[in-house]
Every structure is written in structure tokens, then in C-alpha cells.
Number of protein chains: 2
Amino acid sequence: MQNLLELLKKNKLKATPQRIKILEILFSSGHVTIDDLYEKIKTYLPTLSLATVYSNLNAMIKAGIVKSVKLSNNKVLYECNLNDHIHLVCKKCNSIKDEFIDKKAVLGLIEKDVGVNACDMEINLYYVCPKCSEFE
Amino acid sequence: MQNLLELLKKNKLKATPQRIKILEILFSSGHVTIDDLYEKIKTYLPTLSLATVYSNLNAMIKAGIVKSVKLSNNKVLYECNLNDHIHLVCKKCNSIKDEFIDKKAVLGLIEKDVGVNACDMEINLYYVCPKCSEFE
DNA sequence: CTGACTGCAAACGTTTTGCACGGTA
DNA sequence: TACCGTGCAAAACGTTTGCAGTCAG
């Protein structure tokens, strides 16, 4: 995918096959745990090491391409940092759904209370997903 | 402190001195790391073990009395889950400031977009704290 | 050609576990 | 008294590090 290659170059990161594959998976999956990510990549790049995945994620987080989100169950998710979305987290099964909201309106409302200029905002809503509320 | 004792009993947790002290510190400190917490408790309860602190925190998290927050530097903070506040996290030094907002208004704004009833909401604002912006 | 990236193994700090003992309800 | 909670040590877990070899620019 040409644009991923350029995305890396634009951020002064070498475009290795490992990094491109990591980004591809992040783009198509929305958000994944390290284990999911490692599992999925291994089918394409069997020799890839977990340490490399970590170091690449950290490098791309530093560059601002990737974002990590820690949920209340202390699991960490990685995702690409392009879309303006929040997370709906199911309290029962920990499944996660992306949801798009008017972040500017929310940020405006909050900044009025707080009196600070924020460069980023992270919102997680905890709820019970449809599947889990069926079996309550 | 009588109300802490009742808070534990109400949630079907035995009111041991260790748990009461943990809650006292969480209440007075806002949010603390495990190390801070352990350090502070040890002056009152020198025989306390770290494993006990962990198991008590986990028990109280399950009961909903305590909450844990994982920051982008992978440090975990514990806090009591009674106040309606959000976190201002400094992007440079990772310091954290509690800030109180009108959560209901924010939640209302978001739920309108999302069409879901949330039982809890977590908001983190990333900014540059006054100390760090001095030395930029 | 050169510095950055990879893969591996070992190290690291944090959290959990198993078990005997002790204290709360 | 019965059971939950404690303390200790060891194990497990997720992540980082160091290093030799490799590859992208």
C-alpha cells in the first residue's frame, strides 16, 4: 500500500515490511491488543519477533502515527491515530466499539469548565453491549 | 473513620485495618501509584505486604469503590471512585491533575450522538502543564 | 556504505498465585 | 467457629534491553 509507505517516510521512519504490515493491520482492525496484532502478523511474517512489534509501535507512537489506549481492565489497545472517535467498552465482555462523535463540541464544553487548552482528548464510555444485555 | 467502615460493609467486604488505611490514603491523596500507597501505609502498618495491597485494591475495584487508571507511560494510578472528575495529563512530564466538570452535560451531549446508555465515562485531556510550558 | 532495524534471549519491574496462619463477623 | 483476609515467597506476566547480524536509504 503506497500511502502507508509515504506515511512512514513523512515521519522519518524507515519503511520496513514489518512496519507496513503493522500499519495495515491497525488500519483494517481499528484497534487491537499486542497479542492480536502479533498473531495476525505472524501469518505474513513468521520470523517477526514480539520485541520488534513493541519497538515499532513505540516508534510510531512517538511519531504520532499510532496511539495506545489503556482500558479500565488494564488491557492496552493500539490503533492508528487518524480518526476522531471514542470507545464504547462493554463492562461485561470488554468488547470495544468505535463511535464517532462531535469532539469539538465536547471539548468546547469541557474547556469552558476547566480553563485549559487541551491538545488531545480521550473518551471511554462503559456500557453493557447488546449481546451481554441479552443474557442478563 | 466510621463511613469508610460502612462503605466496605455495604459492599460486602470485611473491614480490616489494612483496607481502611488504603481507603483513607486514597481519599486524601486523590490518585496514587502502588509504590506511593505502599510507602505511605507502611508507616502505619509496617507488616503489610504488597500482595495484600494488590489483592485489596482488586477486591475494591471489583466492588466499584476504587478505580485504576493506566497512563501513557504505563504507570497505573489508583483512586477512589466517588468524585466526578476527569484527568488532565501533561504530555511532557506525565503529571496528573484532577479537574471537576459537569459530567452529566457532557454525557448527554455524547449519548445524543451515540444512542447508548452509558454507566460510566472516562475522560482524559492531554495538555502541557504550566511547569513544562515554562521551559519550552 | 552506513545507520537504523530486526530477531533472539535474557533481564527487568510489576502483578498474581499458593499456602499456612491469623482475625473478622 | 467458619471463612475471609493476611503475609511471604515464588511464579507469571508484559515489556524492555543488549547485541550480533541484516537491510533500507
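The notes below cover the model, the relation of the copies, their interface and the strands of chain B.

This is a predicted model: local features need pLDDT of at least 70, side-chain atom pairs count only at pLDDT 80 or more, and totals for chains, interfaces and linings use all residues. Residues are numbered from 1 along each chain as its sequence is written, chains are lettered from A and ligands numbered from 1 in the order in which they are written, and side-chain values use heavy atoms, with hydrogens and water left out.

**Relation of the copies**

**Interface**

- Chain A puts 29 residues into the contact and chain B puts in 31 residues. Contact means heavy atoms within 4.5 Å.
- About 2700 Å² is buried between chain A and chain B, and carbon and sulfur atoms give 66% of this area. Buried area is the accessible area (1.4 Å probe) that two parts lose on being put together, summed over both.
- K70(A), E122(A) and L125(A) supply 21% of the area that chain A buries against chain B, more than any other three residues.
- Between chain A and chain B there are 0 salt bridges (a side-chain nitrogen of Lys or Arg within 4 Å of a carboxyl oxygen of Asp or Glu).
- β3 (85-90), α5 (103-114) and β5 (120-127) of chain A each supply at least two residues of the side that touches chain B. β5(A) gives the most to that side, with 8 residues.
- Helices (H or I, at least four residues) and strands (E, at least two) are DSSP runs, numbered from the N terminus.

**Strands of chain B**

- Strand β3 (residues 76-80) of chain B has 4 of its 5 residues buried, so it is largely enclosed by the rest of the structure. Buried means under 20% relative accessible area (1.4 Å probe, protein chains only).
- Strand β1 (residues 31-33) of chain B pairs antiparallel with β3(B) over 3 bridges. Pairing needs at least two DSSP bridges between two strands.
- Strand β2 (residues 66-70) of chain B runs antiparallel to β3(B), joined by 5 bridges.
- E79(B) in β3(B) is the bridge partner of H31(B) and of K67(B).
- β2(B) and β3(B) form a hairpin with 5 residues between them. In the turn, N74(B) has a positive phi of about 70 degrees.

Methods. Buried < 20%, exposed > 50% of the residue type's maximum accessible area, 1.4 Å probe, protein only.
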